[in-house]
Amino acid sequence: MLEYAIVALVVSAAAAFAAWRVWRTLRVSQGKAEGHNCAKCPAALKSE
Amino acid sequence: MTRPDKHTVALLGNPNTGKSTLFTALTGTRQKVANFPGVTVEAKLGTLTLDDAEVTVIDLPGTYSLAARSPDERIATEALLGRIPGTPRPDGVLIVLDASSLERNLYLATQVLEFGLPAVVALTMVDVAKDRGITVDAHALSRQLGVPVVPVNAPEKQGLSDLRAELHRALHHPGQALAVPFGDEFDEAVTDLHDVVCDLSVKLGFKPARPEALRLLVDGAGPFYDECEQVGGQAFLDEFNKLRQRASGGRSLSMIEAQGRYGLIGRWVKEARKSEDDGRRTKTDRVDALLTHKVWGTLIFVALMLLVFQSIYSWAGPLMDGIELGIGWLGAQVVNAIPEEMETLRSLLADGVFGGVAGVLVFLPQILILFLFIAILEDLGYMSRAAFLMDRLMAPLGLSGRSFIPLLSAFACAIPGIMGTRVIEDRNTRLTTIFLAPFMSCSARLPVYTLFIAAFVPDDGVGPFNLQGLVLFAMYWVGVLFAIPTALVLKRGILKSKITPFLMELPSYKMPRPGAVARVLLERGGSFIKRAGTIIFAVSIIVWALAYFPRDSQVIEKHDAATQALNERHAAKVAMIAKSGGFTDDDPALVAAIADMEELAAVHEESVATAKDEIDDAIELEAALAERSEAFTAALLELKRRHGGAFEPAQEIHTSRAEHEEAVAGIENAKAGELLAGSFLGRAGHAIEPAVRPLGWDWRIGMAAIASFPAREVIIATLGTIFNLGGEQDEESEGLRGVLRNAKDEHGNPLFTLATALSVMVFFALCAQCAATLAVIRRETNSWKWPAASFVYMTTLAYIGALVTYQVASALGA
């Protein structure tokens, strides 16, 4: 049981992380969040 | 205790003036510093402490002027006016001036000083100017400009304390706006236009500054113009056009502005600069004559790139083997620490984590070697010479050097490349460049290429080069080759526009700074490890789960029963052989003879394998194998003499055990293959198999390619997981390369041929497999149309490219 609990936890955590990345990528695409290489970039705060 | 004063200072300057280095020296913020115009396309924030004051420094994109042409220039103006949400309004400016190109640098300075903010000038590149026989008198320049001028050498940390002191003083005194004389008509028109836009300030929501009115008058475009037009309507437009006509007096307004500014700059420079230039060609000029030469320059460029790709193979090999061994050892320790009955958890760790994601880390040395070269060439100043060479080739495509810089950045990663297109003024050229950036072979493709090249391209010499290095070099050109017709179609079709001339600056050569190079390596290596540890890790675990579940108990029982039967049959056979020799199967004499026999066989096998590995010449190899065979026979005779009557049954048992182990391994592999085929991933894979068959792929490669759409490197982890779970692992193979080489299709033939490997590589070279890039294209173009077009176009091209590659390579017998 312990084994399956650990495996289920790891796989769910990976799935949750992947889902969060999809959500964040969508936010970045709409200029609502900071993305790759854009930390503290005023340019990224204003949509073109 | 009093609270520290808080200030905000904008750091402005032309590209490639050492602005980013100064920012890092002042604030200690880590940032990439490159000797290349236009690299800083995004502003960064850092904090500087001055006695009792805490100063936030905004490092704005390097720009030549504040005209509202390109997005970078707009950002600089808006930041100066405090109109960027989330970024405080600066209460001072730090202007960076390159002493070796004073006139051009002062042009931007005159525009910034018109805003009237307290300002300090940092004079950089004083040593470069001195080498060219130019001396700048900082005191005289300061008198002319009316603001402090401090010579600094940021890499050597010279002049920084004086600069801090002047900045501290300036922030506590009001600034004075510079008035550049442009002529009465022009100046009056600016004043009148300022009055007109001030009347709109309630509707605009802010009070426009006079320099904004000047920019509006000269540029007649940009976001401020749009806002005024929106709130002022036709009445504003009529007044605006009237004022522009009055100001111009029939001449170009940009010309009037340039003449006014350069007139003033000329007077300043006359007072502050001494030049010993006697028309001699400097060392830089002589080197440039060679490096930017149409023929020699191009040859040197190609030779340098070949050297880079050769080094990736010859230097990275031992490091990669080291990492592979280390990961293998660590994996074995971790997996062995889990009890054997926890089979699922062991598989998760062995196949998902160590067989999958850890395999990606093996490619770290290659990434580091690539970026070591790029960082050195960039810091040396060579990259802008390469850009100059390429600029000539861009014109027939309707693009200029301005597009080349972002495209060159895209070879590292498409995202900074796409963001770098903000320096492009023309919308259509910018969109074309954005569309082309993902075609450049980014560093995420490197592990894919090197894995397949190392596994399937022979390690042969071709003249002074190595075939593997040449194939890698060719793979980097695949994207470029497809980008050329794409650019032609776009620029002559839907994105037609005029080519704007691009003036490129060739900075002086500098010795690469070890610190700057190390920072690039740390950033790139860190980001690769971070990707492996986050998104690739998560996808690997998900792929493992999809490839492991559901477990069909009937399949497991069927194969376990077969193994059990084999074990029983083998035990009976061993007992029978022992008995026929007059022994029991646990007789110490027989056990010792079997142990010696196995040891001898293992030593012999290893020595044969080493000979096959090390000796290339067929005749020499034959001789060496014959020699080893003789030695083996002699050793067998010695064993026979030593063990007497136990020798014969021991030899028989040894042979039978080897056959038994092979049969058990066969059943285990069949079981693993059947379980994988019945898993979620296996079922989906078989459904898509007809689509990938023409590319020479089986369902496993197809699924690995599909799993790589979020990020390309995922394919390595996925292939590792799929082939490990599918029972393809081989103890003697060198990691994933060996696993792929040994992989078999359903008929027992090798799954990968050179043609399959080339087809996979071409697919990865052309496919838009990067969710982050598509997201950034959406953000930069403000529309889903462009990322959707890019995805569909590149994926179709990748499929057709891989199909043609496989069919042609197979027909040629690869």
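What follows is a chat about chain B of this predicted model.

Me: How many helices and strands does chain B have?
Reply: Chain B has 34 helices and 10 strands.

Me: And what share of chain B is buried?
Reply: Of its 814 residues, 53% are buried. Chain B still exposes about 36400 Å², with carbon and sulfur atoms supplying 59% of that.

Me: How many residues are in the largest nonpolar core?
Reply: That core has 133 residues, and B:Phe452, B:Leu472, B:Leu740 and B:Phe752 have the most contacts inside it. Helix α13 of chain B, residues 296-337, gives the largest share, 11 residues. There is also a second, separate core of 69 residues, which includes B:Ile84 and B:Ala272.

Me: What does B:Leu740 touch?
Reply: Leaving out residues up to four places away in sequence, B:Leu740 touches B:Leu451, B:Phe452, B:Phe456, B:Leu719, B:Phe723 and B:Phe752.

Me: Switching to α26(B): which residues there are buried?
Reply: B:Leu621, B:Ala624, B:Leu636, B:Leu639 and B:His643. Their cover includes α25 (588-614) and α27 (647-678) of chain B.

Me: What span should that helix have, and how far apart are its ends?
Reply: Helix α26 has 26 residues (618-643), so at 1.5 Å a residue it should span 38 Å; the end C-alpha atoms are 37 Å apart, which agrees.

Me: What's at the start, and what follows the helix?
Reply: At the start, a side-chain oxygen of B:Asp617 comes within 3.3 Å of the backbone nitrogen of B:Ile619. After the helix comes B:Gly644, with a positive phi near 55°.

Notes: Residues are numbered from 1 along each chain as its sequence is written. Chains are lettered from A and ligands numbered from 1 in the order in which they are written. This is a predicted model: local features need pLDDT of at least 70, side-chain atom pairs count only at pLDDT 80 or more; totals for chains, interfaces and linings use all residues. Side-chain values use heavy atoms; hydrogens and water are left out. A nonpolar core is a set of buried Ala, Val, Leu, Ile, Met, Phe, Trp, Tyr and Cys residues joined through side-chain atoms within 4.5 Å. Buried means under 20% relative accessible area, exposed over 50%, partly exposed in between (1.4 Å probe, protein chains only). Helices (H or I, at least four residues) and strands (E, at least two) are DSSP runs, numbered from the N terminus. Contact means heavy atoms within 4.5 Å. The expected span of a helix is 1.5 Å times one less than its number of residues. A polar contact is a pair of N or O atoms within 3.5 Å; within protein, one must be able to donate a hydrogen and the other to accept it, and residues adjacent in sequence count only if both atoms are side-chain atoms. Accessible areas come from the Shrake-Rupley method with a 1.4 Å probe; for residues, only the protein chains shown count as cover.
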